[in-house]
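Please look through the sequence and the model, and then read the points below by topic.

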Amino acid sequence: MPDLVIVGGGYAGLWAAMAAARRATDAGQALNIRLLSKDPYLTHRPRLYERNPGDMRSALAPVLEPIGVDLVVGEATAIDPIRQLVQMGPKDGNAVDDHYDALILAAGSVLRAPPIDVSKGRLWSVDDMSAAIALDQHLEQIMAMPSDQTVVIVGAGFTGIELATEMRDRLAEHGGDERAKLARIVLVDTAATVSADLGPGPRPHILAALETAGVEVRLNTTVARVEGDDVTLSDGELLRAATVIGTTGAQANGLAGQLATALDIKTDPAGRLEVDTSLAVIGGRNIFAAGDIAHAMTDPTSGNHPALMSCQHAMPMGKYAGHNAAALLLGQMTLPYEQARYVTCLDLGPWGAVFTTGWERQVELTGAEAKARKQFIMNEVIYPPSNDRDAILEAGGI
Ligand SMILES: Cc1cc2nc3c(=O)[nH]c(=O)nc-3n(C[C@H](O)[C@H](O)[C@H](O)COP(=O)(O)OP(=O)(O)OC[C@H]3O[C@@H](n4cnc5c(N)ncnc54)[C@H](O)[C@@H]3O)c2cc1C
């Protein structure tokens, strides 16, 4: 039986597993499908700015077991595209290699850390589960101190805005409303506007929400240096802040660069692998990539924008990669990845949210209505079905 190995148990990897199992089931043929991931959970990264970040995960086994996909918990350290091996970290002192007939690389992305000179301190983040839990514990500790607190958030993009507008409630959760009201929340960005990547449409709503949340915005500047609680901005201003959080965007997982070197191919500026319309890595053999690690074009009819590092792209890309990798092994037709619809839904804390459609980001909903949409996405859409074989296979259909 052919071996299909998927590296990464995030949105792309998990939906790839569902789609590959669906393709094999529909074809009435068998495949050995293995999903290798660092831990046995799907971490809901888009929810890590929220309170109780430790709850923001779903177990992988109840999704994979009913559809006959094996879960291997471990860390891939390198891909050998010549011998078709996934190399894994040493276990019991021995390196372990896993052979594949087809591979789906879905190892996601990591924070593109800002170039801040940090001494005697720490740059916090909400990039992964352990970082988000560590930040939450830190917020609990500082709110137990009698002094007033300042939180500096570096990067006024999607995540920075969501975190900044939510921060006062996060502080109140640990120290009560009265103390949270006294906190300073400072959002800094090197750009001349907030939400530079989101365009002008949603900006007035974002600015209104930042004001409602009492967030001080510092533009055309960044944090240059953190030395204990002394935080120096690039314009020379000195702040006293026990908390500096980086929300400066993402770059592809290092496995992309390692594979690109092995194949002698280039990655895009975010370190992503270039893929063709079937999501096969250009220059690779039987290797597909999906989610944050892949640079794919979305749809010629909508101007052919590249997929963003987002769940709304990672999940469909995962499905196409799973379908196509299975089709390749079963001798069937692959399908071109297409995704015309694009929406943005940005949480804006107590003010509500803003929901836009299209690549021009036409504002469709704001305030409480948009917040309800955001909560639907965060509580329903990004969760996989579990413990129900038919529902899981259904979700893997294209
Ligand atoms: C704070 C934050 C807020 C966000 N908000 C939004 C939002 O509102 N809307 C939106 O659409 N997107 C949002 N995103 C982006 C979104 O989370 C990602 O685009 C999405 O998670 C990408 O899915 P993925 O499967 O490609 O990668 P990931 O979700 O990163 O999953 C990668 C998986 O691979 C595993 N892995 C990594 N390296 C290895 C290895 N070497 N060996 C084995 N396993 C490995 C990881 O453990 C993980 O399971 C947000 C991201 C963050 C961090």
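A disulfide is a pair of cysteine sulfur atoms within 2.5 Å. This is a predicted model, in which local features need pLDDT of at least 70 and side-chain atom pairs count only at pLDDT 80 or more, while totals for chains, interfaces and linings use all residues. Residues are numbered from 1 along each chain as its sequence is written, and side-chain values use heavy atoms, with hydrogens and water left out.

**Cysteines**
- The sulfur of C345 has its closest cysteine sulfur in C311, at 12 Å, which is too far for a bond.
- By the rule for disulfides, the count comes to zero.
- C345 is buried (under 20% relative accessible area, where exposed means over 50% and partly exposed lies in between, with a 1.4 Å probe and protein chains only), its own value being 7%.
- C311 is also buried, with a relative accessible area of 17%.

**Around V118**
- V118 lies in strand 11, residues 117-119, a strand being a DSSP run of E with at least two residues, numbered from the N terminus.
- V118 is partly exposed, at a relative accessible area of 33%.
- Leaving aside neighbours within four places in sequence, V118 is in contact with L123 and V226, where contact means heavy atoms within 4.5 Å.
- V118 and E227 are 109 residues apart in sequence, yet their C-alpha atoms are 6.1 Å apart in space.

Terms used
Helices (H or I, at least four residues) and strands (E, at least two) are DSSP runs, numbered from the N terminus.
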